[in-house]
Amino acid sequence: MRVLVTGATGYIGSRLIPVLLEQGHDVHAAMRDPSKKSRFAWGAHVTAVHFDLDDHETFDTATENVDAVVYLVHSMDEGDFVEKDRHAAQSMAAAAERNGLRRIVYLSGLIPDDGTPLSDHLRSRLQVEETFLDSSVDATVLRAAIILGSGSTSFELVRRMTERLPLTPIPTWMRRQVQPIAVVDVVAIIARALGDTARPGSFDIGGTETMSYPELLQAYGSVAGLRRAQIPVPLLPTGLVGRAVATITGMPPGTVISLVDSLTHDMVVRRGNAATEVFAEPDTTPMSVREALQRSITVVAEEGTDAHADPQAAADTDPEWAGGVVDIVDGHVRQRPSGILGKVQLGATR
């Protein structure tokens, strides 16, 4: 198929494109600055097209001469992102209809069905998926919670919180259940959703394990060889925790606050609605949490190589805030020096 990937230079898009190319798809990589494709090992093998979330006229030109679109863009760190993302989805759906696309695949977030009010982050995701499902183009929505892989926002939160805090305060509302999934499984499922077995509707994607967020922090500490204590702290508001976590991790505040807000919900796959049962390869099992964590800090991409040979690995095109101070080399934990030296080494190996 001729597949348009929006958010091509982002975390999921940059790791999905090599998979689509390997499967023989003609990939159109949508990006604000098409010249940036040269930063990626796959750049010479795609058609780069101009696409700007703030310029809806580019939605029409980007969707010309393609069969399907994988929609991976959002703006949750920029002002009123709920309204902005809803208008963008409406424009994309309209452009897909006008240009006769056969399919839309959208990566959304797991939507809890416990009746509690949704955070802005999840409410925005739900509005976008409803827009696509209401269009005349067949739409497949894949709902994921925490995606594990070096460079993933969720993974980097776990990594930085564990590495930087020897004692972690745990608000009582953070003990909700989550069902993480490895990015290697996410991109495989997205690719399958473009194939002949695809069908419209919304589906949940998650790994084989369910745990609390504190247990996920402990799992990372165990894999990274870090002994970390946790202390329960009641009555901490999510906004305060979100701002504190953003400061500790050095990650984009708007994004971190939005994700922390979502931790007040159980984020698990609904029974009977698992996309892994519909789109996963036969006789394959999703990667375990421990293996996903270990591969994410074991494999470090070298500059100038195919950074996405292993989607779990770090890439030199990941955001500046991605990366930690712990590696596993030949099965042994290696912690890089702290301070200026550690930062220099981190920049050289990320």
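Guide: Helices (H or I, at least four residues) and strands (E, at least two) are DSSP runs, numbered from the N terminus. This is a predicted model, where local features need pLDDT of at least 70, side-chain atom pairs count only at pLDDT 80 or more, and totals for chains, interfaces and linings use all residues. Residues are numbered from 1 along each chain as its sequence is written, and side-chain values use heavy atoms, with hydrogens and water left out.

Visitor: Good. So which residue in S6 is the bridge partner of Leu107?

Guide: That's Leu142. The strands involved are S5 (residues 103–109) and S6, which pair in the parallel sense over seven bridges.

Visitor: What do S5, S6 and helix H4 make together?

Guide: A right-handed β-α-β unit, with H4 covering residues 120–133. Right-handed here means that, with the strands pointing away from the viewer, the path from the first strand over the helix to the second runs clockwise.

Visitor: And how many bridges join S6 to strand S11?

Guide: Five, and S6 and S11 (residues 201–205) run parallel. One to click on: Val141 has Ser202 as its bridge partner in S11.

Visitor: Is S6 mostly covered or mostly open?

Guide: Mostly covered: S6 spans residues 138–144, and six of its seven residues are buried. Buried is under 20% relative accessible area, exposed is over 50%, and partly exposed is in between (1.4 Å probe, protein chains only).

Visitor: Switching to charges. How many salt bridges does the count come to?

Guide: The count is 13, taking a salt bridge as a side-chain nitrogen of Lys or Arg within 4 Å of a carboxyl oxygen of Asp or Glu.

Visitor: Which residue does Arg270 form a salt bridge with?

Guide: Asp204, with the closest N and O atoms 2.8 Å apart. Arg270 sits in the loop between helix H9 (253–262) and helix H10 (276–279) while Asp204 is in strand S11, so the pair ties together parts that are 66 residues apart in sequence.

Visitor: What about Lys84, who's its partner?

Guide: Asp54, with the closest N and O atoms 2.9 Å apart. That pair also links distant parts of the chain, 30 residues apart: Lys84 is in helix H3 (residues 81–98), and Asp54 is in the loop between strand S3 (47–50) and helix H2 (57–62).

Visitor: Where do Arg295 and Glu291 lie?

Guide: Both are in helix H11 (residues 289–298), four residues apart, about one turn of the helix. Glu291, Arg295 and Asp310 are linked in a network of salt bridges.

Key:
Pairing = 2+ DSSP bridges.
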